[in-house]
Amino acid sequence: MKRYLLDTGSAADYVNRRGGIYPRARQVRAQGARLGLGAPILGELWDGVFYSATREFNEALLKQHLGHFAIWPFDHVAAVEYGRLAAELRRRGRAMQQIDIQIAAIARCLSDCTVISKDTD
């Protein structure tokens, strides 16, 4: 089964139905793919809700869409992969944000998974 892991920006666009993410995601789901979020991404979405000036609206909107996603954990296996990736990136002089490496680690621990990022949209 093909899996798509949305990054924070793409997940926010999905929930708010902007940027073409929502129809694209519906299409891949209709083709039998699984759509999901990594647990760190879910935390960033909740951060956005609680920091928002329209908290109640955004909380309801997020809760309404949570059932559309599998929530993939940052578990022990992903933590080991994170450590491997972070060390390799540092050796190469290619620093990345911690959460981006966590997203990559979660995706690498899932079979047949593509990360959908606003940068790849």
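Buried residues, meaning those under 20% relative accessible area with a 1.4 Å probe and protein chains only, account for 43% of the 121 residues in the protein chain. The model is predicted: local features need pLDDT of at least 70, side-chain atom pairs count only at pLDDT 80 or more, and totals for chains, interfaces and linings use all residues. Residues are numbered from 1 along each chain as its sequence is written, and side-chain values use heavy atoms, with hydrogens and water left out.

The protein chain contains six helices and four strands, where helices (H or I, at least four residues) and strands (E, at least two) are DSSP runs numbered from the N terminus. Their order along the sequence is β-α-α-β-α-α-β-α-α-β. The radius of gyration of the protein chain is 15 Å, close to the 14 Å from the globule rule for 121 residues, so the chain is as compact as a globular protein of that length. This radius is taken over C-alpha atoms, and the rule is 2.2 Å times the number of residues to the power 0.38. Along the principal axes, the C-alpha atoms of the protein chain fill a box of roughly 45 × 35 × 25 Å.

Contact means heavy atoms within 4.5 Å. Of the contacts in the protein chain between residues at least 6 apart in sequence, 75% join residues at least 24 apart.

Asp13 lies in helix 1 (residues 8–16). Asp13 counts as buried because its relative accessibility is 3%. Leaving aside residues up to four places away in sequence, Asp13 touches Arg18, Ile21 and Lys118.

Aromatic rings come next. The whole structure holds four aromatic pairs; rings of Phe, Tyr and Trp (its six-membered ring) pair if their centres lie within 6.5 Å, with planes under 30 degrees apart counted as stacked, over 60 as edge-to-face and the rest as tilted. Phe74 and Tyr82 form an edge-to-face pair, 6.1 Å centre to centre with 80° between the planes. Phe74 counts as partly exposed because its relative accessibility is 29%; Tyr82, at 21%, also counts as partly exposed. Ring pairs also link Tyr14, Tyr22 and Phe69 into a cluster.

Key. Buried < 20%, exposed > 50% of the residue type's maximum accessible area, 1.4 Å probe, protein only.
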